[in-house]
Amino acid sequence: MSRTARLGAFILGTLAVLVLGIFIIGSKKYLFTPTYTLRAKFANVAGLQSGADVLIGGVHSGTIRSIDLPTNPADKVTVTMELNKATHTIVKQDSIASIQTEGLLGNQFVSLSFGSPGQADVKDGQIINSVPPLEMAAILDKANSLLATGQTAMNNIASVTENLKSVSAKVDHGQGTAGALVNDRALYNNLEATSAEAKSTVAAAQTGITDFQDNMEALKHNFLLRGYFKNRGYEDSSDLGRDEIVSLPSVATSKDFTFSAKHLFDKPDSAKLKNEKSLKEAGEALANEDFGAAVIQVSAGTIGNSDDLVKLTQARSMVIRDYLVQHYGFDDTKLKTISVGKQGGTNSKDDWGEIKILIYPPGTAMPALKSPSKSPAPTPTDAPPKTEQK
């Protein structure tokens, strides 16, 4: 090949390399690609330089054109980015710019987040939102603080360990209460004896409680309170007359209801209701009508001990009151009871007694509650004249 041909080939090769380099640089700097610019402001760019990369979703999509300091101390540093036009469809108004580092100590670059679907497109030259960069100095300060805290904790652990060693040594030498217990056999024996005595006392108390429970169980099976205890669960006879008044109000009733005890209760000596629905009309009258006072008056038949029958009528009146209060909404402070015990009748086993629910008009004064020191029940003469049964 002639000298001229070799010279021509060299020139062509040089031109080809030059053109290839221009296109490579152009693809990096987007010299031959449509672009648009965006700006972001940072209080500190953490060493970011012009020409650094801009990544969108981890893909190189632009470069930093310029970094301009503010003219006013109150302003921030402005970073101008040149982006490939093709990214205009994924960068939106709510995209965020952040300065990040390649690895732990690598170069800084700007990362742009994708925008949300439905958000408006950004405009050329627009300023978008940004977040402060994570600075290595702040990370190192935080690490130093954590190390200092860890060192303090280790010192505290060492101090506690020394204290434990001291306590252990004292125990080994019989010092203090714990040391005496460990090393003094006589003190240990005395403690054992005291503990055994305490156990014996507890066992005796438990036996007493068991005996008391047995006595209560026997009381529940007593004829007088068998139905009362079994069906109502009260274990204090003072509860029987808790709502009992000394006498009936002195005014006439506005409405009254009369029931046979045999119709309402299941046994002649029981306070267990069997026909609760029979009380519906009386309960609705208490719930729906205005009244000043209401009294449940319960009497017993003529067969049986008078004191036993008084307590039976007290139990029945309280059972009826509880049922009415629980099933019908009214002011239960206006509903009291009165038990008249044994009252004249047919002197027959079929005569279980009578129940009256007496309702008094508004403004009626309620008589005082019955005092425990007074007689257990009013005499039959305290009962009001019989009214027409409803």
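What we have is a predicted model, where local features need pLDDT of at least 70 and side-chain atom pairs count only at pLDDT 80 or more, while totals for chains, interfaces and linings use all residues. Residues are numbered from 1 along each chain as its sequence is written, and side-chain values use heavy atoms, with hydrogens and water left out.

Let's start with the whole chain. The protein chain has eight helices and 11 strands; these are DSSP runs numbered from the N terminus, helices being H or I of at least four residues and strands E of at least two. Of its 390 residues, 32% are buried, meaning under 20% relative accessible area with a 1.4 Å probe, protein chains only.

Two strands pair if DSSP finds at least two bridges between them.

Which strand runs parallel to β1, residues 35–42? That is β7, residues 126–131, joined to β1 by three bridges, with R39 opposite I127.

On one side, β2 pairs antiparallel with β3, residues 59–68, over four bridges, and D53 has T63 as its bridge partner. Two residues separate these strands in a hairpin, and G57 in the turn has a positive phi of about 65°. β2 also runs parallel to β6, residues 108–112, through three bridges; here L55 stands opposite S111.

Definitions and conventions:
Buried < 20%, exposed > 50% of the residue type's maximum accessible area, 1.4 Å probe, protein only.
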